[in-house]
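Hi everyone, thanks for coming. Have a look at the structure with me, and then we'll talk through it.

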Amino acid sequence: MSNIQQTLSIIKPDAVERNLQDQIKKDFKNNGFEIIKEKKIHISKEEAERFYKVHETKPFYNDLCAYLSSGPIVVMTLERDNAVMENRKLMGATNPTEAEDGTLRKKYGISIDKNSVHGSDSLENAKIELDFFFNN
Ligand code: ATP
Ligand code: MG
């Protein structure tokens, strides 16, 4: 049975800076994702803080928000069967040194902060995150 979902993907500043967005978009398409919406934006630190609010209490919260707002990013609505989980699989582990071969973070990630892509971690969060970037 098919289970079409939408999820939010962000190409983070380190990847945009290295001009990897076309390559990464090709990776999504080659893995069965359709890019339904996309925009290149540069968010403020305050917006990054709202986006990553779930991590508010973490020691890396400030650096994380400073980083996501440090340069342009590309935000996308991705659609496919089981999009949330399939995107997490394609992205690989948070830390690129632990990511499996063939995953986006293994291929493009530089460090745990500069790990090139973000993906929603549940269907519920995907709805919240898509709303955050595309419905306001
Ligand atoms: P993302 O939310 O960006 O898709 P993720 O879901 O794999 O990544 P989270 O636990 O949600 O990982 O962490 C959000 C981001 O915070 C990570 O992408 C990473 O850049 C940063 N981060 C996570 N853990 C650490 C850590 N221990 N030290 C520094 N930065 C971290
Ligand atoms: Mg996360």
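I'll start with the overall fold and then turn to some aromatic rings.

First, some ground rules: this is a predicted model, where local features need pLDDT of at least 70, side-chain atom pairs count only at pLDDT 80 or more, and totals for chains, interfaces and linings use all residues. Residues are numbered from 1 along each chain as its sequence is written, chains are lettered from A and ligands numbered from 1 in the order in which they are written, and side-chain values use heavy atoms, leaving out hydrogens and water.

How many helices and strands does the chain have? There are 7 helices and 4 strands, taken as DSSP runs (helices H or I, at least four residues; strands E, at least two) and numbered from the N terminus. From that end, the order is β-α-α-β-α-α-β-α-α-β-α. Of the 136 residues, 46% count as buried, meaning under 20% relative accessible area with a 1.4 Å probe, protein chains only.

Now the rings. Phe, Tyr and Trp rings (for Trp, the six-membered one) pair if their centres lie within 6.5 Å; planes under 30 degrees apart are stacked, over 60 edge-to-face, and the rest tilted. That gives 5 aromatic pairs.

One of them is F51 with F132, tilted, with 5.6 Å centre to centre and 55° between the planes. F51 sits in helix α3 (residues 45–51) and F132 in helix α7 (residues 123–134), so this pair ties together parts 81 residues apart in sequence. F51 and F132 are both buried.

F51 also pairs with F133: the centres are 5.2 Å apart and the planes at 50°, so that pair is tilted. Finally, F51, Y52, F132 and F133 form one aromatic cluster.

Definitions and conventions:
Buried means under 20% relative accessible area, exposed over 50%, partly exposed in between (1.4 Å probe, protein chains only).
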